[in-house]
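Hello,

Here is the model I promised to pass on to you.

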Amino acid sequence: MTGSELKKPLQQAPDMPSAWRLVSTLTVVALLSGILVVLVYQYTKPIIAENKRIAIERAIFLIFPDANNALTFRIEDRRVVPVDANTTSGEIIHAVYDRSGQLLGITLEAAALGYQDEVRILYGFDPDKQCIIGFQVLKTAETPGLGSKISTDADFQANFHCLEAQVDVQHGGLRHAIRTVKHGSKQHPWEIDAISGATITSKAVGRMLNDSGQQLLPVVVDNLQLFRDAYQAETG
Amino acid sequence: MQPDSLIFIFLNAFLINNFVLALFLGLCPFVGVSAKRDTAFNMSLATIFVMFVSSTSAYGINLILQYYDLEFLRLISFIAIIASAVQLVEMAMKKFTPALFRALGIYLPLITTNCAILGVALFQTFREYDFFQCVAFSLGAGVGFGLAIMLMAGLREKLELVNLPNVTQAAALSMILAGILSMTFMGFAGLGGGSV
Amino acid sequence: MPEATRSETPMNLEIFTAGLWRENPVFVMMLGLCPTLAVTNSVINSLAMGAASIFVLVCSNALVSALRHFIPRQIRITTYIIIIATFVTMVDYIIQSISLDLYNALGAFIQLIVVNCLILGRADAYAAKNPITRTVLSALGMGLGFTFALVCLGGVRELLGAGSLLGFQIFSSNYQPWVVMLLPPGGFIVLGCWLLLFNWLKQRKTSRLIAAEEAIDHSRQIETT
């Protein structure tokens with residue numbers, strides 16, 4: 001089957017239908033399709049939003065097992081603004097609190113191009129230790145058994161017990177850039193030991209953490225008191 | 001090299017993530033019109049051209065859709081854009097360059113169902129490329145498609161002269177050849193410095 | 001007229017089974033190759049892609065068949081594309097609402113169902129000329145045949161590439177997976193091997209038919225002498 005076969009006339013039409021007939025047919029079909037799409041879109045929109053919220057919540061609890069509550073914020077031009085939990089646009093971060101209302105850490109989203117498509121993760125930042133303490137993959141189309149190892153490989157996950165992400169003195173970026181190194185050559189606490197055989201995806205993780213960390217972590221560190229106060233205000 | 005620099009986007013679509021051999025897009029024409037080198041060449045020219053036109057129009061359409069919050073109409077408008085871009089290119093060519101039209105004419109309708117074209121439009125939207133990145137991406141994808149189909153045509157012309165078992169007729173052999181080509185293209189992974 | 005004779009033939013199972021084996025869209029007709037290769041690195045992805053394609057194929061072909069007297073010939077391709085794109089957009093949102101993980105694994109390839117030549121090809125070649133029940137039956141057969149082919153590929157690639165099927169470990173942990181099977185070259189080569197197998201089966205069948213005919217001729221010659 002080729003396009004040329006598709007375009008071949010079935011039989012020679014004796015007369016060309018009027019332009020009005022062509023336009024009206026297309027209009028009716030387009031109208032029908034519009035109605036169908038809008039109906040499905042309206043019906044599934046709340047379900048999809050709920051699914052996304054559940055996925056992020058699940059990821060937060062996997063990174064901070066002691067978490068009890070989380071508040072949503074958005075970073076706007078180096079300022080942190082509290083937003084509604086269902087907001088999706090902009091740089092969304094979550095402040096995570098334990099049962100007694102202590103700030104456990106912050107989760108941020110990061111994304112970079114992996115082997116085939118975008119890899120998007122949610123990572124946790126511990127402000128007391130100034131390190132990244134784990135990540136969860138939110139979206140990936142990496143090859144199963146290869147790139148997907150970033151979330152299952154024990155050695156790779158061990159990088160994130162405490163990956164150093166110290167903010168520099170001027171609070172303009174990170175003191176040491178996070179980078180991925182070849183498997184088995186990790187020397188510094190800010191280096192990520194790559195998975196052998198999945199180097200591209202490992203490097204993507206390092207790159208997205210560095211990009212996001214350089215840009216957002218200084219803002220997070222500057223606003224720690226705001227996160228602590230926000231919970232008090234929320235619970236009264 | 002920065003991952004969002006124009007050269008990297010071009011190389012990425014051209015070699016590293018070749019549309020045909022790594023992303024499996026545009027396989028129908030890849031199998032269908034790769035028997036002869038000159039037809040393959042004409043087909044790739046037509047594809048590069050249509051890809052460029054539809055990618056830039058898709059960029060514009062997407063801006064409008066985003067402005068009015070109508071993202072759910074994206075797919076329908078993209079496919080409509082591509083179909084009309086093909087028709088438009090066909091008509092313009094017929095009017096202004098009849099010689100080129102005679103060479104490319106029969107390939108143009110085929111392109112409407114070439115998934116590589118829609119692939120470019122969709123991927124550039126998902127990756128949120130700006131206008132110049134879209135141009136680099138669509139050119140890279142188009143040239144990459146051309147390279148893959150030309151390599152394939154060259155191999156198939158050589159194989160015409162070879163004595164092969166009967167079972168390898170038609171597409172079976174092309175697929176295995178494509179597999180080997182695809183394996184060689186995996187060697188491009190890592191091109192562009194440490195950023196990959 | 002060929003259409004007249006075709007509509008006179010009684011409705012039977014043949015319409016349904018044609019797509020499953022004899023006219024299998026992937027192995028015999030080489031239609032819709034892009035999604036076939038791109039998403040078949042695991043069985044579960046293959047099944048999801050197959051289900052989405054069946055939904056789009058059946059619904060769009062049914063609608064095309066219902067509107068077949070109403071659509072002028074000149075704009076039929078445009079109309080079909082709009083109808084198909086509508087159902088693909090619907091399936092896109094439906095999958096997102098069922099499982100985000102599945103949606104992420106299939107990536108942009110759900111939206112690329114639009115340009116699956118199988119769907120447009122069947123709309124133009126079959127649905128536009130046949131009544132709705134017959135079209136639905138045929139589309140269902142074609143869709144199942146497509147899914148069957150996807151699962152064939154996905155099964156081999158997952159088994160060899162990861163040593164598992166549907167996520168369950170099949171081979172022992174000593175098995176060193178053929179990672180290349182999960183990568184693009186593996187897709188091409190596995191499909192190539194399936195096509196070789198089909199060619200071989202077809203050739204064996206025709207050579208047997210020829211042998212059987214020769215045997216009949218031979219026995220006739222003996223009778224006449």
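Chains B and C first: 33 residues of chain B are in contact with 32 residues of chain C, where contact means that the C-beta atoms of two residues, placed from the backbone, lie within 7 Å. On the chain B side, helices H2 (27-32), H4 (74-96), H7 (115-126) and H9 (171-185) are the elements that give two or more residues. H9(B) contributes the largest share, 8 residues. Helices here are DSSP runs of H or I with at least four residues, strands are runs of E with at least two, and both are numbered from the N terminus. By class, this side of chain B has 26 nonpolar, 7 polar and no charged residues. Ala, Val, Leu, Ile, Met, Phe, Trp, Tyr, Cys and Pro count as nonpolar, Asp, Glu, Lys and Arg as charged, and the others, Gly among them, as polar.

Please keep in mind that this is a predicted model, in which local features need pLDDT of at least 70 and side-chain atom pairs count only at pLDDT 80 or more, while totals for chains, interfaces and linings use all residues. Residues are numbered from 1 along each chain as its sequence is written, and chains are lettered from A and ligands numbered from 1 in the order in which they are written.

Chain C also meets chain A: 36 residues of chain C are in contact with 31 residues of chain A. H5 (76-98), H6 (100-106), H7 (117-127) and H8 of chain C each supply at least two residues to that side of chain C, and H5(C) gives the most, with 12 residues. The classes here are 21 nonpolar, 13 polar and 2 charged residues.

Within chain C there are 9 helices and 2 strands, in the order α-α-α-α-α-α-α-α-β-β-α from the N terminus on. Its C-alpha trace spans about 75 × 60 × 25 Å along the principal axes. Of its 225 residues, 50% are buried (20 or more other C-beta atoms within 10 Å of the residue's own, with C-beta atoms placed from the backbone).

One helix pair in chain C is worth a look. H4(C) (residues 43-66) and H8(C) (residues 132-162) pack at about 165 degrees, with their axes 8 Å apart. That makes the two helices roughly antiparallel, a term for angles over 145 degrees. Axes are lines fitted to C-alpha atoms, for helices over the stretch in contact, and angles run from 0 to 180 degrees between N-to-C directions. The residues of this contact divide into 18 nonpolar, 11 polar and 1 charged.

Chain A holds an open sheet of 7 strands in the order S2-S1-S3-S4-S5-S6-S7, with antiparallel pairing; strands pair if DSSP finds at least two bridges between them. S2 and S7 (163-164) of chain A stand at the edges with a single partner strand each, so one side of each is left without a neighbour in the sheet. Helix H4(A) (residues 199-222) packs on this sheet, touching S1, S2, S3, S4, S5 and S6 (131-139) of chain A, and its direction makes about 130 degrees with that of S4(A).

As for the pairings, 7 bridges join S1(A) (residues 69-76) to S3(A) (residues 91-97), and A:Asn69 has A:Tyr97 as its bridge partner in S3(A). S1(A) is also joined to S2(A) (residues 79-82) by 4 bridges, with A:Phe73 opposite A:Pro82. In that hairpin, which has 2 residues between the strands, A:Asp77 takes a positive phi near 55 degrees.

Best wishes

How values were computed: Parallel < 35°, antiparallel > 145°, perpendicular 65-115°, else oblique. Buried ≥ 20, exposed ≤ 12 C-beta atoms within 10 Å, placed from the backbone.
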